[in-house]
Amino acid sequence: MKGSPSVNQPRIRAVTNWIFLRAAGPGRPRVILPEKVFPAARELEERFPALRAEIDALLEKRTIPAYGAFDPVRAAQVSEEWKLYYAYMYGQSNELARDEVPTLLSFAQSRPEVVNAFVSILDPGVELPPHKDPYAGVLRYHLGVRVPRENPPHIRLDQDRHTWKEGEGRVLDVSVEHEVVNTSEEPRVVVIIDFRRPMGFFASALNRYMLRLKRKWAPQFVEASRYDVMHAA
């Protein structure tokens, strides 16, 4: 008898993750300079003043939804207080982002390797406990937008620790255990861009196929970013 999709899904994910990480090679660094794996990030960093101004304006006028509005199950495992604004996910654009964060959206739309692009807000006292990203086919680029100077927040990836700097980006391998801590008195705001992990031909083709299957999740994430606008009338 064939197994149900819910039973087979973890097995499929485990196999594909094994293929991706094997293709990526051993001894992978946890914190990576963007020019090594995501050189396109330079374009976004050069437009940082405009990007930050757009995000500042967004945060002043909008209530950013928490993770629980997107994925209650996963939020219960990571954090229900982590706030996210999705501009782009699996090829679907948030139409509001065309006016609210056009710099971020236009960058995501122009780069075929980009999977997701969003703004991440971690309020004072909010923590993301140790966890791993369930899908190893992407790497995650972080660009600091607003980072508290006193008692700055940080992320731990395995044994490595990274503290954000405004206007400076790093690529993080979130397939390893990681946690985020903000014990400062100010919110930490970063732009996050997921992009396809650079690999060989077979693993890259499999990755593109698996990411196409994930497109079905895009609407609930993008629509959640519209929540306060939809209910403002």
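Me: Which strands does helix H7 lie across?

Reply: A helix is read by the strands it lies over and by its angle to one of them. In this predicted model, helix H7 (residues 102–110) lies across S2, S3, S4 and S11. Its direction is at about 155° to S4.

Me: What is the order of the strands in the sheet?

Reply: A sheet is read from one side to the other. Here seven strands form an open sheet in the order S1-S9-S6-S11-S4-S2-S3, and the pairing is antiparallel. Strand S1 (31–32) and strand S3 (92–93) are the edge strands, each pairing on one side only. Helix H4 (residues 48–61) also packs on the sheet, where it touches S2, strand S4 (114–122), strand S6 (138–146) and strand S11 (188–196). The direction of H4 makes about 75° with that of S6.

Me: How many salt bridges does the structure hold?

Reply: The count is 16. One of them joins the side chains of Glu166 and Arg52, at 2.7 Å from N to O. Glu166 sits in the loop between strand S8 (160–162) and strand S9 (169–172), and Arg52 in helix H4, so the pair ties together parts 114 residues apart in sequence.

Me: Are Asp194 and Arg140 buried or exposed?

Reply: Buried means under 20% relative accessible area. Both residues are buried, and the value for Arg140 is 11%. Their side chains meet in a salt bridge of 2.6 Å, N to O. Asp194 lies in strand S11 and Arg140 in strand S6, so this pair ties together parts 54 residues apart in sequence. Arg140 also forms a salt bridge with Asp133, with the closest N and O atoms 3.9 Å apart.

Terms used:
Residues numbered from 1 in each chain as written. Predicted model: local features only at pLDDT ≥ 70, side-chain atom pairs only at ≥ 80, totals over all residues. Heavy atoms only, no water. Pairing = 2+ DSSP bridges. Helix = DSSP H or I, 4+ residues; strand = E, 2+ residues; numbered from the N terminus. Contact = heavy atoms within 4.5 Å. Axes fitted to C-alpha atoms, helices over the stretch in contact; angles between N-to-C directions. Salt bridge = Lys/Arg side-chain N within 4 Å of Asp/Glu carboxyl O. Buried < 20%, exposed > 50% of the residue type's maximum accessible area, 1.4 Å probe, protein only.
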